[in-house]
Amino acid sequence: MDDSYLALRGIHKRFGAFTALQSIDLNIRKGEFVCFLGPSGCGKTTLLRIIAGLETQTSGSIVQGGFDISTAPPAERDYGIMFQSYALFPNLTVAQNVGYGLVNGRQSRARIAARVDELLYLVGLVASAGKYPAQMSGGQQQRVALARALATSPGLLLLDEPLSALDATVRGHLRSELRALQRRLGVTTIMVTHDQEEALSVADRIVVMNHGVIEQVGTPLQVYREPASPFVADFVGKVNRLQAVAEGDHWYRCGDKRLRCAPQEGADFRPGSAVALYLRPEDRVVGGVDADDPLRCAGTVRHIEFLGGNCLAEVDVEGLAGQPLQLQYSLNQMDEFGVRQGARVSFALRADRLRVFPAGVGA
């Protein structure tokens, strides 16, 4: 049974000889918060603009709420949109900006004023109704733009990198507010972002895009833990990439180490095949490792990258054919296991967390 609220089928977009999007098929359920994630130029903003009717697809169809809107103009589509620049009217007050889209809706002034008050309360700006955008901080302007996008009670909320212009602290705070508000309202939401941390923290599902195609669609945990391609493994989070050779039955040799990977779709490699093993820095055991554990490794810390509550230690590992590993340690673990530059460390690999792809693909 198709429970999609928004369905994209075979979306292609060409600009002259350049193909911006190809074969985009996607279902978004009612009330979902979906992030389009990818590097600049991957096609995520173009896809958002096609959904909004601000760009016309070369081919393909769009169905929203059971209605085909493939050729409908923007004014006839049921959405609110918030741009990266916020696009607030500098000569209008906060209240006037929020109510701008309601003025031509044949509602009474009293009803418009009541709706504006409701929205300003929702975003915590009731006391700022009479101010102008120039008198507001970046975070406050973001809230005004969000309230304006929600003013008409749209069925779909489109967000084009709404937090990218804010500093890190404000961005982290507001993304939590945005997610809480979306859950409270239950509005189907699509957000474009190139920030993987942002996508992982707010999305129900992430659509990872690259060169105009969808690489993977999944929950944040699926995308992070089970990347479907080398690109996804490299783009979402930090990862170690090791050259290895398949030995059959999901065993792989990397230098002097033999590692067995859990079966994964498309990873049945013939013996002798060159492969690449992907392993996250946290996918290791650092305490209580038996000396005869076949996955036990030892090496020397080459460099340490301080990341606040955690650190990444680059380790020259014995027996991995000269391929160093980045390992994640908490600050407490740094002290407990004596992790410092030049120190010798031991650990065991979490081979059950390995992802395997053909060598050279996406490298």
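1. Which strands does helix α1 lie across, and at what angle does the helix run to β7? In this predicted model, helix α1, formed by residues 44–52, lies across β3 (33–37), β6, β7, β8 (188–193) and β9 (205–210). The direction of α1 makes an angle of about 150 degrees with β7.

2. A further helix is placed against part of this set of strands. Helix α5 (residues 168–185) lies across β3, β7 and β8, and the angle of α5 to β3 is about 140 degrees.

3. The sheet concerned is open and has six strands, in the order β6-β7-β8-β3-β9-β10, with mixed pairing. Strands β6 and β10 (213–218) stand at its edges; each has a single partner strand, and therefore one side of each is left without a neighbour in the sheet. On average, and with direction ignored, neighbouring strands here are turned by 15 degrees against each other.

4. Strand β6 pairs with β7 (residues 156–160) in the parallel sense, over three bridges. Within this pair, Ile81 stands opposite Leu158 of β7.

5. A second open sheet consists of five strands in the order β13-β12-β11-β14-β20, and its pairing is antiparallel. Its edges are taken by β13 (257–260) and β20 (355–358); because each of these has a single partner strand, one side of each lacks a neighbour in the sheet.

6. Strand β14 (residues 274–279) runs antiparallel to β20 and is joined to β20 by four bridges. Among the residues involved is Val275, whose bridge partner in β20 is Pro358.

7. Strand β4 has pairings with β1 and β5. Strand β1 (residues 4–15) and strand β4 (residues 59–64) run antiparallel and are joined by five bridges; Arg9 has Ser61 of β4 as its bridge partner. Strand β4 is also joined to β5 (residues 67–68) by two bridges, again in an antiparallel arrangement, with Gln64 bridged to Phe67 in β5. Strands β4 and β5 form a hairpin with two residues between them. In the turn, Gly65 has a positive phi of about 55 degrees.

8. The loop between β5 and β6 (80–82) contains Ser70. Is this residue, Ser70, buried or exposed? Ser70 counts as buried, because its relative accessibility is 10% and the cut-off for burial is under 20%. Leaving aside residues up to four places away in sequence, Ser70 touches Gln57, Gly60, Ser61, Ile62 and Arg77. One of these, Ser61, is also the bridge partner of Arg9.

9. For the protein as a whole, there are nine helices and 20 strands. The C-alpha trace spans about 80 × 45 × 40 Å along its principal axes. Of the 363 residues, 47% count as buried. Among contacts with a separation of 6 or more, 67% are between residues 24 or more positions apart.

Terms used
Residues numbered from 1 in each chain as written. Predicted model: local features only at pLDDT ≥ 70, side-chain atom pairs only at ≥ 80, totals over all residues. Heavy atoms only, no water. Pairing = 2+ DSSP bridges. Buried < 20%, exposed > 50% of the residue type's maximum accessible area, 1.4 Å probe, protein only. Contact = heavy atoms within 4.5 Å. Axes fitted to C-alpha atoms, helices over the stretch in contact; angles between N-to-C directions.
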